[in-house]
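Me: I've got a fold on my screen and I'd like to learn how to read it. Could you walk me through it, one feature at a time?

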Amino acid sequence: MYIFSASAKARKAMDDIEAGQSMPFIVYVNFKDLFGAEQLCKIYLYKSGFTDVEIEKRKLVEPRLLEDPRVLSADKVLKDALESGYSIQMFDEH
C-alpha cells in the first residue's frame, strides 16, 4: 500500500469548492507497484471530479503495519483502504 500527498483542481463547483480551486488530498492506494499506485491515485481523483493532479509526496506503508490489528484499529482510513482498495481524504486548505 502507498500513501500519496497530492493536490488537484476542481473541474466544476461542488459543495464549498469553486471550479478551478486547488485542494489538498491524502490518497491511500492498496497496490504493490509504485507506478501503478500513482496512476490509480490520479484516476481516483479524476473520477471524483478533479483534474491537474500533482503528487507531491509518496510513501510505502510497511506490510507488517497492514497486518497489525492495533495499527488498523487506530487508523480507520488505512483499514478502509485495505478493505476497499483505496481511500481519499480531502482537506480544507493547503
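Reply: Start with the running order: from the N terminus on, the elements of the protein chain go β-β-α-β-α-α-α-β. Helices here are DSSP runs of H or I with at least four residues, strands are runs of E with at least two, and both are numbered from the N terminus. Keep in mind that this is a predicted model, where local features need pLDDT of at least 70 and side-chain atom pairs count only at pLDDT 80 or more, while totals for chains, interfaces and linings use all residues. Residues are numbered from 1 along each chain as its sequence is written, and side-chain values use heavy atoms, with hydrogens and water left out.

Me: In what order do the four strands sit in the sheet, and is the pairing parallel or antiparallel?

Reply: Two strands pair if DSSP finds at least two bridges between them. Here the four strands make an open, antiparallel sheet in the order β3-β1-β2-β4. β3 (50–60) and β4 (86–90) each have a single partner strand, so one side of each edge strand is left without a neighbour in the sheet. On average, neighbouring strands are turned by 25° against each other, direction ignored; axes are lines fitted to C-alpha atoms, for helices over the stretch in contact, and angles run from 0 to 180 degrees between N-to-C directions.

Me: How many bridges link β2 and β4?

Reply: Five, in the antiparallel sense, with β2 covering residues 22–29. To find your way there, look for V29, which stands opposite Y86 in β4.

Me: Which strands does helix α1 touch?

Reply: A contact means heavy atoms within 4.5 Å. Helix α1 (residues 34–47) packs on the sheet and touches β1 (2–10), β2, β3 and β4, with its direction at about 145° to that of β3. Helix α4 (residues 76–84) also packs on the sheet, touching β2 and β4, at about 140° to the direction of β4.

Me: Which residues of α1 are buried?

Reply: Buried means under 20% relative accessible area, exposed over 50%, and partly exposed in between (1.4 Å probe, protein chains only). In α1 the buried ones are G36, A37, E38, C41, Y44 and L45, and they pack against β1, β2, β3 and β4.

Me: What does the side chain of E38 join up with?

Reply: A polar contact is a pair of N or O atoms within 3.5 Å; within protein, one must be able to donate a hydrogen and the other to accept it, and residues adjacent in sequence count only if both atoms are side-chain atoms. The side chain of E38 has such a contact, of 2.5 Å, with that of R58. E38 has a relative accessible area of 15%, so it counts as buried. Leaving out residues up to four places away in sequence, E38 touches F4, I55 and R58.

Me: And how do I read the ends of α1?

Reply: At its start, a side-chain oxygen of D33 comes within 3.3 Å of the backbone nitrogen of F35. After α1 comes G49, with a positive phi near 100°.
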